Amino acid sequence: MIHDIQKFLEVEKNDADVIMVSKWVGHYKTFLQKYKFDDRNQKMFEQVAHYFALRHAKREGFTNLSAGLLLFGGVGTGKTHAMRLLSSHFGIEFVEAQELAVQYAIGGDKGFSEWVADWKYKELIIDDIGAEREVKHFGNAGIVGEFIGQRYNLWTLEGKLTHMTSNLSEEDFIDRYGERTWSRLHEMCGFVSCVGKDARRTETP
Ligand SMILES: Nc1ncnc2c1ncn2[C@@H]1O[C@H](COP(=O)(O)OP(=O)(O)OP(=O)(O)O)[C@@H](O)[C@H]1O
Ligand SMILES: [Mg+2]
């Protein structure tokens, strides 16, 4: 699995930044624990806390965090849980890939573009890419792949971030959405690998 955390780190340019960010990393570790996102996968926990700290720094206007977050990996490893916290804490819009497919199936090109118009100038989280059903679409990458392409353009033009989760492997992702989409993801997001046991199967509610 890919670790592309470097994209997150490069925003820390001097010692003062490093000290401030590390203080916020500590703050967000406590925050995540408080909202029941724990360090069962320590590496993922550290990287997610680090990303929250940098996102906080961006909100404060002290850094220009340029990459979104892509949580990539196993089923039941806390990807959606972490993204919901990112969404509620930073006021970021949240949509499931499945919902994108449904809206396209209902509204076609026109209905879909009206439906997503509201996010055009906003940061967005797309959850569970690859879990949506296939809907008839003329592009090679399907409607979700095409939407990722639109978000890429928005990112290059306006700097608006897109965060995503997926449990597809690299191979399956490329199979489904093509090399072009995969290549864009690499540029626009930092990857965090999510490995570990499926919490849904190992924990009793
Ligand atoms: N690190 C974690 N700390 C606390 N709870 C966790 C953690 N990881 C998973 N869980 C719990 O496990 C369950 C599944 O988590 P979640 O839905 O976030 O998984 P997911 O990675 O999005 O899975 P999927 O790939 O199927 O969408 C939730 O109840 C969640 O709270
Ligand atoms: Mg999920």
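Two strands count as paired when DSSP finds at least two bridges between them. Keep that in mind for the sheet. And note that this is a predicted model.

So, the sheet. It is open, it has five strands, and the order is S2-S3-S4-S1-S5. The pairing is parallel. Which strands stand at the edges? Strand S2, residues 93-96, and strand S5, residues 189-194. Each of those has a single partner strand, so one side of each is left without a neighbour in the sheet. On average, neighbouring strands are turned by 15° against each other, direction ignored.

Next, strand S1, residues 68-73. S1 runs parallel to strand S4, residues 162-166, and three bridges join the two. Take Leu70. Its bridge partner in S4 is Met164. S1 also pairs with S5, again in the parallel sense, over six bridges. There, Leu70 stands opposite Phe191 of S5.

How many of the six residues of S1 are buried? Six of the six, and the strand is mostly covered. Look at the two faces. Gly68, Leu70 and Phe72 point one way from S1. Leu69, Leu71 and Gly73 point the other way. Both sets are buried.

Over to strand S3, residues 124-129. S3 is mostly covered too, with six of its six residues buried. Its pairing with S2 is parallel and has four bridges. Within that pair, Glu93 has Leu124 of S3 as its bridge partner.

One residue in S3 deserves a stop: Asp128. Its phi is positive, about 60°, although Asp128 is not a glycine. Is Asp128 buried or exposed? Buried. The cut-off is 20 or more other C-beta atoms within 10 Å, and Asp128 has 20, so it counts as buried.

Compare Lys36. This is another residue other than glycine with a positive phi, near 65°. Where is Lys36 found? In the loop between helix H2, residues 15-34, and helix H3, residues 42-59. Lys36 counts as exposed, because it has 9 C-beta neighbours inside 10 Å, and 12 or fewer is the limit for exposed.

Now a pair of helices. Helix H5 covers residues 97-116, and helix H6 covers residues 142-158. They pack at an angle of about 85°, with their axes 9 Å apart. That angle makes H5 roughly perpendicular to H6. Which residues make the contact? From H5, Ala97, Leu100, Ala101, Tyr104 and Phe112. From H6, Ile143, Val144 and Phe147. By class, the contact has eight nonpolar residues, no polar and no charged.

Let me pick out Ile143, which sits in H6. Ile143 is buried, because 23 other C-beta atoms lie within 10 Å. What does Ile143 touch, leaving aside residues up to four places away in sequence? Leu100, Ala101, Tyr104, Phe112, Val135 and His137. Among these, Leu100, Ala101, Tyr104 and Phe112 belong to the H5 side of the helix contact. One distance to go with that. Gly159 is 16 residues along the chain from Ile143, and their C-alpha atoms are separated by 22 Å.

Last, ligand 1. How many residues surround ligand 1? There are 15. The closest are Gly78, Lys79, Thr80, His81 and Ala199. Two helices each supply at least two residues of this shell: helix H4, residues 79-90, and helix H8, residues 199-202. H4 gives the largest share, three residues. By class, the shell has three nonpolar, six polar and six charged residues.

To recap. The sheet is open and five-stranded, with parallel pairing. In S1, six of the six residues are buried, and in S3, six of the six as well. H5 and H6 pack at about 85°, through a contact of eight nonpolar residues. The shell of ligand 1, by contrast, includes six polar and six charged residues. That's my tour. Thanks.

Methods:
Residues numbered from 1 in each chain as written. Chains lettered and ligands numbered in written order. Predicted model: local features only at pLDDT ≥ 70, side-chain atom pairs only at ≥ 80, totals over all residues. Near = placed C-beta within 6 Å. Nonpolar A, V, L, I, M, F, W, Y, C, P; charged D, E, K, R; others polar. Axes fitted to C-alpha atoms, helices over the stretch in contact; angles between N-to-C directions. Parallel < 35°, antiparallel > 145°, perpendicular 65-115°, else oblique. Contact = placed C-beta atoms within 7 Å.
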